[in-house]
Amino acid sequence: MALLIHFLACCFGLGSWVAVNGLWVELPLIVNTLPEGWELPSYLTVIIQVANLGPLLVTLMHKLCPGRLRESVVIYTILSIGILSCFLLAFFWDETTVVAGASHSTAFFIITFFLSLVDCTSSVTFLPFMMQLPAKYITTYFIGEGLSGFIPGLVALAQGVGMAKCVNNSTGNFTGDGDLWSVETQYLPPNFSAEVFFFFLAAMMCVSLAAFCALNRLPRTFELSTENLVPDTVASVCSGLDNPVAEIDGEGVKRLDKGTDQSSPLLAKPKHSMYQLTFIYFLVVWVNAATNGLLPSVQTYSCMPYGNLAYHLSAALASMSNPVACIIAMFFPNRSLVFLGMLGLLGTGFGSYNMAMAAMSPCPLLQNVAVGEAIIVLSWVFFTGTLSYVKVMVGVILRDKSHSALVWCGAAAQMGSLVGSVTMFPLVSVYKLFKAGDFCTTKCPL
């Protein structure tokens, strides 16, 4: 019975962020089809931030009407919306409408908003529901949540999205003047289409819903257990990696605090000076601004000049590095502020390189060299991985300090994400400071 519950908890966690993670790793394919082109990621970052209205409403309900909001009803609703949205996305993702004289992916944006609403709201409803089960099953849930980013990345790698080649195209009147030759980009068909990928996301959401139905019908006769595979202090923070608003849900966090207090009532809360706390919150704001707003908005501009394969690998592997970093933080935690500061500085260095290549688009450094492609892919992987580790450990430090510190951590993280997204959107989509190009036809100076 215990093994079955572990399996169900893992499957339930799959539905937490699988839709949004799936959209990011599929961008190398759909960015070549939708009219927004290379600006598409900047739109997505803003849409995801707007979708945080969902968890904020849930939090307000917990504060204003405590005990009246049933997590099970909310979870049934959002998972059903997620399944429906994935199916609709498979049929309408490439439909466009004319808005203000320009073609826009209106259907894609609307469906993406609902998928983001589902995933953001899951962060403040799934964990409180899991608090009804013994603590050992919560760890399994977090493993499933990590797989929600890892599995779409693997599937995207198998799909081979967005790969392209340069082909010669002859034009002319064939009257003896000779043919005119030009080079154009020809996109190779993936191993399976975007529609199949979106149906796969819908299937994963169905698995999550089925697992929740089974967990919700389990008899509540468990004896509380303190057996944990990893420390609760780390596992509880990993749920907020992609959506920091998860930590603002007072009721869910309080329940988690009670559970951990029972297992370790004698742990002394660490003390930090005002300067140390200022530095910690600065890390929270900066890391979330960089990973959730500033850099994702320009990933196309930093990777696409090297070719679709480079963009494809950077998107998929960076998505997979997030849960890997979380797992590393679980088993090899380091709370040293000096270490976290140096790691944050290292991650910022990788991010600066990515931003510099985006600013130089469509002619970045080492453009037509294999080394350049490898560097940009590894830079995105290490950027995401290092700053994800910093996110987790900073959250652990603040969680051990007090509940209010964790609430402020969530607020600071959300503020950073919002500022990063709002800052980059006009620079990318309004003022057009970043220039798009074509891998085959762009002529760059030597």
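The protein chain has 17 helices and four strands, where helices (H or I, at least four residues) and strands (E, at least two) are DSSP runs numbered from the N terminus. This is a predicted model, in which local features need pLDDT of at least 70 and side-chain atom pairs count only at pLDDT 80 or more, while totals for chains, interfaces and linings use all residues. Residues are numbered from 1 along each chain as its sequence is written, and side-chain values use heavy atoms, with hydrogens and water left out.

Of the 446 residues in the protein chain, 53% are buried; here buried means under 20% relative accessible area, exposed over 50%, and partly exposed in between, with a 1.4 Å probe and protein chains only. Among contacts (heavy atoms within 4.5 Å) between residues at least 6 apart in sequence, 85% join residues at least 24 apart.

Most residues other than glycine have a negative phi, and most peptide bonds are trans. With 41% relative accessibility, Leu-366 counts as partly exposed.

Cys-363 in this part forms a disulfide with Cys-444, and their sulfur atoms are 1.9 Å apart; a disulfide is a pair of cysteine sulfur atoms within 2.5 Å. Cys-363 lies in the loop between H15 and H16, and Cys-444 in the segment after helix H17 (403-430), so the pair ties together parts that are 81 residues apart in sequence. The torsion about the S-S bond is about -85°, so the disulfide is left-handed. Both partners are partly exposed, Cys-363 at 22% relative accessibility and Cys-444 with a relative accessible area of 24%.

The count for the model comes to one disulfide. The sulfur of Cys-10 is 5.7 Å from the closest cysteine sulfur, in Cys-11, and this is too far for a bond. Cys-10 is buried, with a relative accessible area of 17%. Cys-206 is in no disulfide either, as the nearest cysteine sulfur, that of Cys-86, is 8.6 Å away. Cys-206 is partly exposed at 32%.

A positive phi is found elsewhere too, for Ala-100, at about 55° and again not in a glycine. Ala-100 sits in the loop between strand S1 (97-99) and strand S2 (102-104), and it is exposed, with a relative accessible area of 84%.

Two packed helices are described by the angle between their axes and the distance between the axes. The axes of H5 (residues 71-92) and H9 (residues 194-216) come within 8 Å and cross at roughly 165°; axes are lines fitted to C-alpha atoms, for helices over the stretch in contact, and angles run from 0 to 180 degrees between N-to-C directions. H5 is therefore roughly antiparallel to H9 (under 35 degrees counts as roughly parallel, over 145 as roughly antiparallel, 65 to 115 as roughly perpendicular and the rest as oblique). The crossing of H5 and H9 is left-handed, that is, the near helix is turned anticlockwise from the far one by less than a right angle, whereas clockwise would be right-handed.

A second pair is formed by H2 (residues 18-30) and H3, whose axes come within 11 Å and cross at roughly 165°. H2 is thus roughly antiparallel to H3, and their crossing is right-handed. Val-20, Trp-24, Leu-27 and Ile-30 in H2 meet Leu-40, Pro-41, Leu-44, Thr-45 and Ile-48 in H3. These contact residues divide into eight nonpolar, one polar and no charged (Ala, Val, Leu, Ile, Met, Phe, Trp, Tyr, Cys and Pro count as nonpolar, Asp, Glu, Lys and Arg as charged, and the others, Gly among them, as polar). Nine of the 11 residues of H3 (residues 40-50) are buried, so this helix is largely enclosed by the rest of the structure. Those buried in H3 include Tyr-43, Ile-47 and Gln-49.
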